[in-house]
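Here's a quick tour of what packs against what in this model. Have the structure open and follow along.

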Amino acid sequence: MFGLTRRLVLQATRFRRPLISRSYASQSINQMLQLQQMEICADPPSRGLVIGVYADEEDKNDAGILTPSGWRYNVQKTHGRLLEVLRMSGPMPKRGEARMLFAIEPERVPYYSAVAVVGLGKECLGYNPYEVLDEQKEAIRRSVAQACKELAELDTDRIEVENCGHAESAAEGAAMGIWIYQELRDPKRRIAVPSIDLYATKDEICDIEGWRIGLQKAAAQNLTRQLQEMPSNLLTPTAFAQNVVEVLCKSGVNVEVKVEGWAESQSMHAFLAVGKASCEPPIFLELSYYGTCAEERPLVLVGQGITFDAGGLCLKRKGELFHMRGDMTGAAVVVATCRAVAGLRLPVNIRGLIPLCENVIGCNSFRPGDMVKSMNGKTIEVQCTDHEDVLVLADALLYGQNFCPKCIIDIGTCSGYMRQALDEAACGVFTNSEILWQQIKHASMHTGDRVWRFPLWNYYSKAVRAGGRSDVQNYGIARGGRPCKAAAFLREFVPCGQWMHIDATNVMITKGHEYEYLRKGMAGRPTRTLIEFIAQTICKDTAPKLTQK
């Protein structure tokens, strides 16, 4: 009889079917089943809570110190039980780890069905000049993201996250951690994505503004990841333009879609040469955001928009082709950055330039040895059709000079050799301005999405000018220094002013191991760093401060 009772209760719990209509001889069984059914019907949506704990990772006996919000929850809601159970469960969680605790609250139906305690490292963490990183902010992102992913796996409907000392970083970690690309999956088989909110009590100051900024930055990077992940047969240049119009026009960013005839009238022959093999016509997007007076000189952002890069006649290897739907990373970053800047209402003018095309094989493909002219009349010898990235960016850089910009920043995926140089650690930066370098470095320190400066010496400029048949070559002589030669080629098309080139080839894809807030696949970098850079250009005293011990 008891075996039958247990089996019936388990079935009711699993399938949640009404049992009141069933009748058994034993009155106690009927009462038990009715009580079970009442509990199921009254079962509230599952909620999760994320709180932080400080502890020395090298000391396994460190008892840990909860954050102020965590301590209040521990005392007011669990009467000290949370900290007691946490210490009994083993050593304190390290940075990037989360400890799941259940049934912590004494109430019969707890408000939070699960509490995730995340490791934040030592309390004194801050800016590390050797790592060029704010370790406290990065610890918050990593740990909160891990906790949110684990809570999401438990089908949690809502997750509340305390600020862990920095609400912006907590919001970034939570929003990026739970994001997953599943638009093309059957809705019935999609992974449930919980809603996230900031946890706060009545007796503490709530940093809503920091939380909002963090969500905006995370949403921008997630938008970049979404565009990167879309298959190239669905995200053609025309489809990309349509998506941009839908996304940005709602945000207050003006979008002008310019067709192939316009590019011809502008003498963008280098850009047009790359896309002429495809049946998909090339498109040039011009984005405009005015956050201040119209007379203010804008920042010009140029994003490489090759929606699929097969390498042309110099075909890429099979293993590389699968990820080449992400060769429009620069374009996606520019789009997402413009939306975030508009959402944050930053007082700055921005002009975004995005040349869109496909580099495939066709009867009209451009060939090694071909000569093309750029907008400024310079002749370019095409040595390799697989190095088309610089050709697309060259004409856009020249067009950007028309707006008398404060500075020009281009983002592209120009050289696979960046992976050998930096792996996933940082983007490569090339610039002719020490001011721009310091600003982008400080911005990357705050976001955890680091950058590293590469040389832009005349040595590499000579390598791309060495051919006697043309003004410049798209590959240059010798085999080494490919990223530096690509930047040197682009510098030939920036006659004056401050300019910075960001090569994001090595951070386009992530294996999902290094950063808890980025799942395996497209990474969306360096979107947050670029947003932070733009914000810091309008602020003063943005240099990092060493932690006072």
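## Around Phe533

Phe533 is in contact (heavy atoms within 4.5 Å) with Leu299, Ile409, Leu436, Gln439, Ile440, Ala443 and Met500, leaving aside residues up to four places away in sequence. Keep in mind that this is a predicted model: local features need pLDDT of at least 70, side-chain atom pairs count only at pLDDT 80 or more, and totals for chains, interfaces and linings use all residues. Numbering starts from 1 along each chain as its sequence is written, and side-chain values use heavy atoms, with hydrogens and water left out.

## Two nonpolar cores

A nonpolar core here is a set of buried Ala, Val, Leu, Ile, Met, Phe, Trp, Tyr and Cys residues joined through side-chain atoms within 4.5 Å; buried means under 20% relative accessible area with a 1.4 Å probe, protein chains only. The largest core has 55 residues, and Phe240, Leu285, Leu287, Ile409, Phe533 and Ile534 touch the most other members. Helix H12 (residues 329-344) supplies the largest share of this core, 11 residues. Helices (H or I, at least four residues) and strands (E, at least two) are DSSP runs, numbered from the N terminus.

There's also a second, separate core of 48 residues, with Leu398, Cys414, Leu422 and Leu490 among them.

## Strand E4, wrapped up

Six of the six residues of E4 (residues 114-119) are buried, so the strand is largely enclosed by the rest of the structure. Ala114, Ala116 and Val118 cover one side, with Val115, Val117 and Gly119 on the other.

E4 runs parallel to E1 (residues 47-54), joined by six bridges; pairing takes at least two DSSP bridges. Val50 sits opposite Ala116. With E3 (residues 98-102), E4 pairs antiparallel over five bridges, and Leu101 is opposite Val115.

Technical notes
Buried means under 20% relative accessible area, exposed over 50%, partly exposed in between (1.4 Å probe, protein chains only).
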